[in-house]
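Visitor: Please show me the sequence and the structure, and then let us examine the model by questions and answers.

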Amino acid sequence: MKYFLLVPDGAADEPLDELDGKTPLEVARTPNLDRMAETGIVGAVQVTPREMYPGSDAANMALLGYDPNRYYTGRGPIEASAMGIDMDSRDVAFRCSLVTTDGERLIDYSSGHISTEEARPIIELANQKLGTPAIRLFPGVSYRHIARWSDGPTNVKTAPPHENMGKLLSEIYPQGEGDTKIIKFIEDSINLLEDLPFNRQRKAEGKNPANMLWLWSPGRAPEMPFFLQRRGMTGAVISAVDVVRGLGKLTGLEIVAVPGATGYFDTNYIGKAKYAIDALKRHDFVWIHVESPDEAGHLGSIDEKIRAIENFDKKVVGTLLNDLEGVQDFRLLCAPDHKTPIAKRGHTVGPVPYLLYDSRKALRKGARYPYDERAVQEAKSIFEDGYRLIDELFRE
């Protein structure tokens with residue numbers, strides 16, 4: 001028996017007037033998910049604890065079966081793990097996002113989705129000019145980077161940039177331990193990056209400049225038991241984003257690199273499914289994460305979100321079903337890690353729909369729910385402890 005965990009990041013939403021009171025997941029054409037829902041179990045799950053910010057870091061940790069209340073220390077150290085950054089017990093890792101500001105407000109959390117090739121020299125320059133014996137910057141993917149701070153602060157409230165676009169910097173600056181030093185770093189980065197020739201050129205082309213470094217979600221390296229230790233099987237993870245790859249590395253999963261996997265709308269959906277099928281030769285469990293619905297939610301684009309969901313269904317789910325059904329017995333669990341409503345352009349707390357499917361037999365008992373947010377509204381029970389949901393995948 002083989003097992004899949006599929007995570008269409010941020011695919012869940014809320015009813016939109018533009019869609020006649022429906023959600024993008026309701027409107028999207030998802031024949032493969034719909035077919036599995038006919039014989040599978042569709043329900044509702046509160047992925048992260050309700051009192052916790054529903055970030056992709058804690059949420060994916062929960063979907064993999066690890067209680068965030070026990071294991072979560074911050075996003076920074078998870079992504080640092082994916083990047084192979086050494087951390088000792090004194091080190092604190094911050095996510096360091098390359099963002100756009102007008103000097104007063106946070107304009108764009110991704111600097112116009114700057115490419116990795118464009119971002120790398122900026123981070124290297126910032127490390128030379130702003131780095132210290134205690135603070136070092138490491139270039140990552142696109143706008144996502146890491147700052148490692150020896151004896152750095154952890155008891156500080158920080159603001160995720162993708163949740164705070166348009167807000168005054170003074171309203172969202174860090175508060176707590178080490179906040180003065182963090183704010184100085186952020187403001188020094190503006191002075192360094194604002195007038196770079198690269199940014200002057202981007203402005204001339206009508207693009208958002210990469211003119212500020214934003215530090216957030218710090219933490220020390222978490223200690224998590226390996227997946228093999230807990231489930232008695234090995235596994236692999238396929239994702240373009242470091243926060244998911246980092247969780248895979250921390251739990252001993254194989255990190256499968258897929259050419260053309262970008263974490264954006266142009267990602268290689270079919271490649272992810274094909275590489276997942278190949279990984280079944282080595283493992284019994286494969287976790288596929290797709291970032292594009294979440295990016296569409298943050299962008300506030302209804303069309304892109306519907307398209308991302310349809311691509312996930314057709315190119316990821318469809319490829320898996322076409323290649324495996326009748327050839328390999330498998331069970332599949334599909335769930336977004338959180339809601340990313342178009343209207344809010346950020347993550348919100350609340351349950352999301354999940355789908356459990358078995359290629360050998362019908363699982364459904366009683367009323368059938370479609371695989372969309374109507375299942376959340378109609379479900380008689382909700383998994384309140386999201387980290388327990390994966391137990392259903394392995395339950396025979």
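Visitor: Is Arg 360 buried, partly exposed or exposed?

Guide: This is a predicted model, in which local features need pLDDT of at least 70 and side-chain atom pairs count only at pLDDT 80 or more, while totals for chains, interfaces and linings use all residues. Residues are numbered from 1 along each chain as its sequence is written, and side-chain values use heavy atoms, with hydrogens and water left out. Buried means under 20% relative accessible area, exposed over 50%, and partly exposed in between (1.4 Å probe, protein chains only). Because its relative accessibility is 38%, Arg 360 counts as partly exposed.

Visitor: Which residues is Arg 360 in contact with, leaving aside its neighbours within four places in sequence?

Guide: Arg 360 lies in the loop between strand E14 (352-358) and helix H15 (374-378); helices (H or I, at least four residues) and strands (E, at least two) are DSSP runs, numbered from the N terminus. Arg 360 and Arg 331 are 29 residues apart in sequence, yet their C-alpha atoms are 8.4 Å apart in space. With contact meaning heavy atoms within 4.5 Å, the partners of Arg 360 are Met 1, Asp 329, Arg 331 and Glu 396.

Visitor: What is the handedness of the β-α-β crossover from E10 through helix H11 to E11?

Guide: E10 and strand E11 (residues 254-255) run parallel and are joined by two bridges, with Val 237 having Ile 255 as its bridge partner in E11. Between these strands the chain passes through helix H11 (residues 242-250). A crossover is right-handed if, with the strands pointing away from the viewer, the path from the first strand over the helix to the second runs clockwise. By that criterion, this crossover is right-handed.

Visitor: At what angle do helix H6 and helix H8 pack?

Guide: Ile 122, Leu 125, Ala 126, Lys 129 and Leu 130 in H6 (residues 116-130) meet Phe 185, Asp 188, Ser 189, Leu 192 and Leu 193 in H8 (residues 179-193). Axes are lines fitted to C-alpha atoms, for helices over the stretch in contact, and angles run from 0 to 180 degrees between N-to-C directions. The axes of H6 and H8 are 11 Å apart, and the angle is about 120 degrees.

Visitor: Why is helix H3 (residues 56-63) largely enclosed by the rest of the structure?

Guide: The buried residues of H3 are Ser 56, Asp 57, Ala 58, Ala 59, Asn 60, Met 61, Ala 62 and Leu 63. Just after H3, Gly 65 takes a positive phi of about 105 degrees. H3 is largely enclosed because its buried residues number eight of the eight.

Visitor: Which residues does Thr 48 touch, not counting residues up to four places away in sequence?

Guide: Thr 48 is found in the loop between strand E2 (41-45) and H3. Its relative accessible area is 2%, so Thr 48 is buried. The residues touched by Thr 48 are Pro 54, Ala 58 and Ala 59.

Visitor: What is the phi of Ser 142, in the turn of the hairpin formed by E5 and E6?

Guide: Strand E5 (residues 135-141) and strand E6 (residues 144-150) run antiparallel and are joined by five bridges, with Arg 136 opposite Arg 148 in E6. Two residues separate the strands of this hairpin. Most residues other than glycine have a negative phi. Ser 142, a residue other than glycine, has a positive phi, near 55 degrees.

Visitor: Is Ser 217 buried or exposed?

Guide: Ser 217 lies in strand E9 (residues 212-219). Although it is not a glycine, Ser 217 has a positive phi of about 50 degrees. Because its relative accessibility is 10%, Ser 217 counts as buried.

How values were computed: Two strands pair if DSSP finds at least two bridges between them.
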